[in-house]
Number of protein chains: 2
Amino acid sequence: MSVPQRKARPRRNNESNRREELLRVSAKLFREKGFDGTSIRDISAAAGMHSGSPFYHFKTKQDILVAVMEQGLAEGLRKTEEVMALSLPPEQKLTKLVRTQLGTILEEGNDFIPVLLYDWRSLTLANRRRIVAVKDRYDALWQCLIDDLQRAGHMPGDAQLVRLLILGAVNWAGTWYRLGGRLSLDKVAEDAARLFLQGKQ
Amino acid sequence: MSVPQRKARPRRNNESNRREELLRVSAKLFREKGFDGTSIRDISAAAGMHSGSPFYHFKTKQDILVAVMEQGLAEGLRKTEEVMALSLPPEQKLTKLVRTQLGTILEEGNDFIPVLLYDWRSLTLANRRRIVAVKDRYDALWQCLIDDLQRAGHMPGDAQLVRLLILGAVNWAGTWYRLGGRLSLDKVAEDAARLFLQGKQ
DNA sequence: CCTACCGATCGGTAGG
DNA sequence: CCTACCGATCGGTAGG
């Protein structure tokens, strides 16, 4: 008379697991080779599927890109909000926020935000608008901290411009930083915060 | 008995013009859509040629990418050396160098260095080695200035790391800056230098 | 999620 | 530099 409930649950979980696995390998491949440099067959192979199977989970390749970026933004936003909620003087909060962002783009398996940062131009215009709405909340959190720092006299210049410059310095690290090298992420965060702050020597 | 010299010269010039035109439109397209997102047919059409004709000037599509990057580096290196040769205190030289780099990546038609910056992963390993050798000279010039600034006490932190952070902030501008907007390149350069320098308020 | 397949487009080439 | 073309690969689909 009806489909057994016991069976429906595990299947839903498996489907969800396969979907997550697809996003994980896609993020990694997109980061390494770019969206246009990665084929559906690359993704299928990395996920242990056959070439047509990703389309059971996503309607188009572009939809995979959007899902990767949205998942990255969701996690990045959560971590950023966590730091912003701490009761700390703004100078210390800057170091922490920079460290968090470095982790978000550089730690093992964190390929989602880098895809957003480095493959933006592969988004269709409609999807760009969709993603930018969430990205704006991300930027607004950073802007709050920078406004605080400026009020405390720790940072001269146009407020928005300063945000773009600082986030640029941090996000650019994705192009040169290698895990296990001479510099720890803590060291990078400390030196970066010190470089941006005035009157802290 | 022999090919007339008068005729050989103009032909060589035309060929050279077409080659330059190919590089110009390729740089623009690569910047907008990425190397993998740009087809030989896109390039041919933009240059007013038929689809097979670029291969008369370049052996492969990858060779076009390399040529774009090398031309960008040559010009960028020349402009950077010019600024470094000026007799100025290092703080003022920083503003000038930042302004020059901003022009190199943001002014009309300057698509060559952005391709180097944003399409690095599309290079084969062999070509990466080839390009990095020239890029190292570029970085070394910046490092000289930063070492000067550190000796003068204007900039704390690990010297190489500071160079990467500053160049990151500047190069990232390619992803957000729009010509004709609220901020002039001069203003961006001034605020950037002020953000990085200590004891200059 | 697999099988078998499609039409479109890709980088590149031979011959002139 | 054009003409005419090639084999390979692409994103995506129908049917199960």
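The model is predicted, so local features need pLDDT of at least 70 and side-chain atom pairs count only at pLDDT 80 or more, while totals for chains, interfaces and linings use all residues. Residues are numbered from 1 along each chain as its sequence is written, chains are lettered from A and ligands numbered from 1 in the order in which they are written, and side-chain values use heavy atoms, with hydrogens and water left out. Chain A and chain B bury about 3500 Å² between them, and 14 residues surround DNA strand C. DNA strand D has 14 residues around it.

**Interface between chain A and chain B**

- In the interface, 40 residues of chain A are in contact (heavy atoms within 4.5 Å) with 40 residues of chain B.
- Carbon and sulfur atoms give 62% of the buried area of about 3500 Å², where buried area is the accessible area (1.4 Å probe) that two parts lose on being put together, summed over both.
- Arg121(A), Trp172(A) and Leu195(A) supply 23% of the area that chain A buries against chain B, more than any other three residues.
- Four salt bridges (a side-chain nitrogen of Lys or Arg within 4 Å of a carboxyl oxygen of Asp or Glu) are counted between chain A and chain B.
- Arg121(A) also takes part in a salt bridge with Asp119(B), where the closest N and O atoms are 3.3 Å apart.
- Between chain A and chain B, 16 residue pairs are in polar contact, both residues being at pLDDT 80 or more; a polar contact is a pair of N or O atoms within 3.5 Å, and within protein one must be able to donate a hydrogen and the other to accept it, with residues adjacent in sequence counting only if both atoms are side-chain atoms.
- On the side of chain A that touches chain B, at least two residues each come from helix 1 (5–33), helix 6 (112–118), helix 8 (159–171) and helix 10 (185–196) of chain A; helices (H or I, at least four residues) are DSSP runs, numbered from the N terminus.
- Helix 8 of chain A gives the most to this side, with nine residues.
- The side of chain A that touches chain B has 19 nonpolar, 10 polar and 11 charged residues, with Ala, Val, Leu, Ile, Met, Phe, Trp, Tyr, Cys and Pro counted as nonpolar, Asp, Glu, Lys and Arg as charged, and the others, Gly among them, as polar.

**DNA strand C**

- Of the 14 residues around DNA strand C, the closest are Arg18(A), Ser53(A), Tyr56(A), His57(A) and Lys61(B); a residue is near a strand if one of its heavy atoms lies within 4 Å of it.
- Among the atoms of DNA strand C that come within 4 Å of the protein, sugar and phosphate account for 56%.
- Phosphate oxygens of DNA strand C lie 2.9 Å from a polar side-chain atom of His50(A) and 2.7 Å from a polar backbone atom of Lys61(B).
- Helix 3 (54–57) of chain A and helix 2 (40–46) of chain B are the elements that give two or more residues to the surface near DNA strand C.
- Arg41(B) reaches a base: an N or O atom in its side chain is 2.9 Å from a base nitrogen of DNA strand C.
- The surface near DNA strand C consists of four nonpolar, seven polar and three charged residues.

**DNA strand D**

- Lys61(A), Arg18(B), Ser53(B), Tyr56(B) and His57(B) come nearest to DNA strand D.
- Sugar or phosphate makes up 55% of the atoms of DNA strand D within 4 Å of the protein, and bases the rest.
- Arg18(B) places a polar side-chain atom 2.6 Å from a phosphate oxygen of DNA strand D.
- Two or more residues of the surface near DNA strand D come from helix 2 (40–46) of chain A, and likewise from helix 3 (54–57) of chain B.

**Salt bridges**

- The whole structure has 28 salt bridges over all chains.
- Asp191(B) and Arg194(B) form a salt bridge with N and O 3.2 Å apart, and both lie in helix 9 of chain B, three residues apart.
- Asp191(B) is buried at 1% relative accessible area, whereas Arg194(B) is partly exposed at 36% (buried means under 20%, exposed over 50%, partly exposed in between; 1.4 Å probe, protein chains only).
- Asp186(B) and Arg99(B) meet in a salt bridge of 2.6 Å, N to O, which links helix 9 (residues 185–196) to helix 5 (residues 90–106) of chain B across 87 residues.
- In chain A, Arg99(A), Glu107(A) and Asp186(A) are linked in a network of salt bridges.
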